[in-house]
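Subject: Structure handover and notes

Dear colleague,

Please find below the structure I promised to pass on to you. My notes on it follow, with the cut-offs given where each term is first used.

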Amino acid sequence: MEYVCIVCPNGCRLTVEPTQEGVVVKGHKCPKGEAYGRDEFIDPRRVVTAAVRTSDASYPFAPVKSDRPVAKKDVDAVLRHLYRLTVDLPVRRGAMCCTDCCGTGASIVFTRTLPPSSGGGAP
Amino acid sequence: MIAVKKIDSVVIGAGAAGMAAAEVIAQAGCSVALVDREEQTGGILLQCIHNGFGLHHFGRELTGPEYADEFSERVRAFPVEIFLETTVVNIVPHPGFSRVITCSALHGVTVFEATTIVLAMGCRERNRGTIGIPGTRPSGVFTAGLAQRLLNIEGYIPGRRAVIIGSGDIGLIMARRLTWVGSEVAAVVEILPHPSGLTRNIVQCLQDFSIPLLLSHAVTQIYGKDRVEGVEVAPLENGVPVAEKARIVACDTVLLSVGLIPENELSCTAGVTISPNTGGPVVDHRLQTSAAGIFACGNVLHVHDLVDFVTEEAQRCGGHVVDYLRNKIPAAASVAVEAGANIKYVTPNQCAAGTAQHFYLRPLVIREKAKLAVMQGQTPVFSRNLSHVRPAEMISIDLDNKIMGGLELDRPLTFSIR
């Protein structure tokens, strides 16, 4: 498999192949690149960011993120779960929105502090 | 009765730049007002809900709202007077101070008599008008940043099948965001032979979803009566679209990610000189504009690649404002700064012999292994080997007191890439 390393702006072109001695990465200029290539091949992960619906008209959506990278194959399930949620304000940056989301081991946390409801209902 | 407030400094714009500058000024014990037309501090960071911010400044990856919140809390910890939903309508310079005229539904008209002003209004997006795409004028054509606001703040999905024009970072981020809310991105069309955005965004926002990136292609027509129905895409040969090879891509939405322009309408009311190279004010070594006591930092000065550098520059700017307020006599700006070969611009536009100086420059070329050379006429002043150079990435360099002390007066300092 071929990847472009994204660890730094050098953007090394990596070739990753499984061999009998394990996964072999070529084309990297540093150890971080080698680790990136191996991870991308064996277990690619991404931090998920999204906005969840609130019950408040002044701030109809609250931004969230996964507190650690989620396996790429699980990203869709996590997103679908988040789109079904409605949260009440206030929310605090760093506070938990959803623990161990969809069994991925990652929790979803709010990334912005939003004030208490102004009394307006959801639109 | 119009309220008149005497104050040491007015900071215009409460985004990344304005908040960092205001914090430094307040920390030094000077009185400062932070003015923004939005309902909250944070600026454009609030709509950038993806992560990747703060690696330089905080040493960890934050999302835009987290980065903004950190600074919002910091400015609130100091006696910074914050005026939200307040628009600055005019700046009138007088000897020794400027009048900043603001209006808001909350406070009515307020006039600040400010010894100093920090311009921190950020930048705005180039749009369909600035790049001139022919066709009809249906709904469904958005700048990428507007679509980002609609989706991330207001919660509206701008469309179900989009073509993104330009491969700037906001467009790439929006390609992933649209895909993640269930919309389809038919293609990203880039007029240049190389992507404009960062490699990590090409990988994580396009390749992860197999979104085609059409390099050296242009959108030559937008179709649709009430709503966008499609665009015509043509490959470029020798810089010219080839009509015979054009094809139509069906879509209901067009996003434009075709560059940013420093927002200086207000700066112009103050009579500040604008640089044709950066689109921002011409500034001296203290980030002071051509108008005494008026300073500039962040994207209003030049469009940065990373918010971390905006913060860094704004903190330096805040320090210069404090020095000015304390009547510290500055070194004379005695050396002009010029962009040489393969450099689009260098900022600031002037420096002082003998005073350590930080510079940002923006390259025009893509190179692996390049050399940055700083010369005064034929005399080499400084050089550095660079592993790579890209227009998408700024180059940041510090020249220390020793190097700056060796400069000759009144001879321009030229930066170039070989």
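In chain B of this predicted model, an open sheet is built from 5 strands in the order β10-β18-β11-β12-β13, with parallel pairing, where two strands pair if DSSP finds at least two bridges between them, and where helices (H or I, at least four residues) and strands (E, at least two) are DSSP runs, numbered from the N terminus. At the edges stand β10 (141-143) and β13 (213-214) of chain B, each with a single partner strand, so one side of each is left without a neighbour in the sheet. β10(B) runs parallel to β18 (residues 253-256) of chain B and is joined to it by 3 bridges; B:Thr143 has B:Leu256 in β18(B) as its bridge partner.

Helix α5 (residues 169-180) of chain B packs on this sheet and touches β11 (161-165), β12 (184-189) and β18 of chain B, its direction making about 170° with that of β11(B). Contact here means heavy atoms within 4.5 Å, while axes are lines fitted to C-alpha atoms, for helices over the stretch in contact, and angles run from 0 to 180 degrees between N-to-C directions.

Helix α4 (residues 144-154) of chain B packs against α5(B) at an angle of about 35°, with the axes 9 Å apart. In this contact, B:Ala144, B:Gly145, B:Ala147, B:Gln148, B:Leu151 and B:Asn152 of α4(B) meet B:Ile170, B:Gly171, B:Ile173, B:Met174, B:Arg177 and B:Leu178 of α5(B).

With helix α6 (residues 199-206) of chain B, α5(B) packs at an angle of about 20°, the axes being 8 Å apart. That makes α5(B) roughly parallel to α6(B), a term that covers angles under 35 degrees. The residues in this contact include B:Leu172 and B:Ile173 of α5(B) and B:Ile202 and B:Leu206 of α6(B).

Between the chains, 24 residues of chain A are in contact with 28 residues of chain B. The area buried between them, that is, the accessible area (1.4 Å probe) that two parts lose on being put together, summed over both, is about 2,400 Å², and carbon and sulfur atoms give 50% of it. A:Ile6, A:Arg93 and A:Arg112 supply 25% of the area that chain A buries against chain B, more than any other three residues.

As to conventions, residues are numbered from 1 along each chain as its sequence is written, and chains are lettered from A and ligands numbered from 1 in the order in which they are written. Local features need pLDDT of at least 70 and side-chain atom pairs count only at pLDDT 80 or more, whereas totals for chains, interfaces and linings use all residues, and side-chain values use heavy atoms, with hydrogens and water left out.

Best regards

Methods:
Parallel < 35°, antiparallel > 145°, perpendicular 65-115°, else oblique.
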